[in-house]
Amino acid sequence: MGFFGPGEVPWELLLPQDSRWGQFFAVVHWIQAVTATLSIMGSSSIIGYTIFQNTARSPEVRPLVYLSLSDLFLGFWWLTGALLDSSEASHPTGKGDICYNLQVTGQIFYIASFLYTVNYTWQLYMDLKGKFNQHLHSQMPQVSKYSNHLGRIGILLSSLIPIFLMVPVLGLGNHFHCPQNFTTEHGCLLLHIGDMLSTESRQVTCFVLHLYSTGVFLVSFMVSFLAILTLLVRARMLYKRFVNSMGYVGDQQWAMLKVVEHAVVLYPVVFLCCWGPAFILGIVKLTPMDNVSAYMALYVLEALTASSQGFLNCLVYGWTQHMFHCVKRKACRDIDTQTPLLRSQKRFYASTLPAHSQTGAKPPSPATTTVL
């Protein structure tokens, strides 16, 4: 949302008004439409798969379902903005209110997506921590109950905090007629494209709301990124402790543990790749800058990444499921092809396990994991 204060002129107004810039924004529009469609398909496939597998309500998968729901709604918002932008040339009137409210509502989904990503990364970390405590102290039931309770609170806060933060912009902006004070050219392309301040009317209230809205976006990203980075560091430290403290572990258990550890890393990487360019562009647009080529490059990069989180999360989730299924198939083949020598070795390793394993009680498996 590129609002500017009194005395400032949007860089777009300094550009030569010819067909080249119209073609540029047409390219951005199509990029945004395609990536939004892929994001809708990706997030829908995750939700459909978890429902089909009857795992959508499990504590381990529930945060991913809510993250996919936020990506789904955000994808629809991106696509709606692109469709409205494509009709501005033939129907330019009446778009100010629609585009303004679309921008503000879209930012609710941006922040919700940040918080849901943090919540899901935290759930993956707690899953890894639960396996570690199960291996050392057999504390898995208590940890699961505790993390499940906090996970529900995290989901609730991830839904309410974005609404609480953006309601003032939505209410006060419409009350002070901010949509009428801004141009609608490319204003329906979400995030930092469009909604340029009109040269005829500049209200201080609208400018303050813009600063507040941009500040909320930037601070939300930074807080989420730092939280995710902290969880990544703690997960790596915990994983090293886990490896150092484990005795004999079968190939299947070890492979499943590696899949969980990789998932803790991949989802935050997707988050950074998707929203990093938008964060940089948000900072750049708050500072004077005459390099139009840099703006254009950031616009294209933002259109490619910001609306593709649902699609990239789907790829990570699909890879995770594929690895889980490969581990299970490999375990079945190993059982079918075991020789008497391998079975004797297995009995030997079993004799080195703790006493509860020899008495027939089922020991806590450090890598028994729910399919994410």
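Here are a few questions and answers on aromatic pairs and a surface patch in this predicted model.

The model is predicted, with local features needing pLDDT of at least 70 and side-chain atom pairs counting only at pLDDT 80 or more, while totals for chains, interfaces and linings use all residues. Residues are numbered from 1 along each chain as its sequence is written, and side-chain values use heavy atoms, leaving out hydrogens and water.

Q: How are the rings of Phe114 and Phe217 arranged: stacked, edge-to-face or tilted?
A: Rings of Phe, Tyr and Trp (its six-membered ring) pair if their centres lie within 6.5 Å; planes under 30 degrees apart are stacked, over 60 edge-to-face, and the rest tilted. Here the centres are 5.8 Å apart and the planes stand at 55 degrees, so the pair of Phe114 and Phe217 is tilted.

Q: Is Phe114 buried or exposed?
A: Buried means under 20% relative accessible area, exposed over 50%, and partly exposed in between (1.4 Å probe, protein chains only). Phe114 has 0% relative accessibility, so this residue is buried.

Q: Which arrangement do the rings of Phe114 and Phe271 have?
A: Their centres lie 5.5 Å apart. Their planes are at 90 degrees, so the pair is edge-to-face.

Q: How many aromatic pairs does a search of the whole structure find?
A: Ring pairs link residues including Trp78, Tyr110 and Phe114 into a cluster. Over the whole structure, the number of aromatic pairs found is 16.
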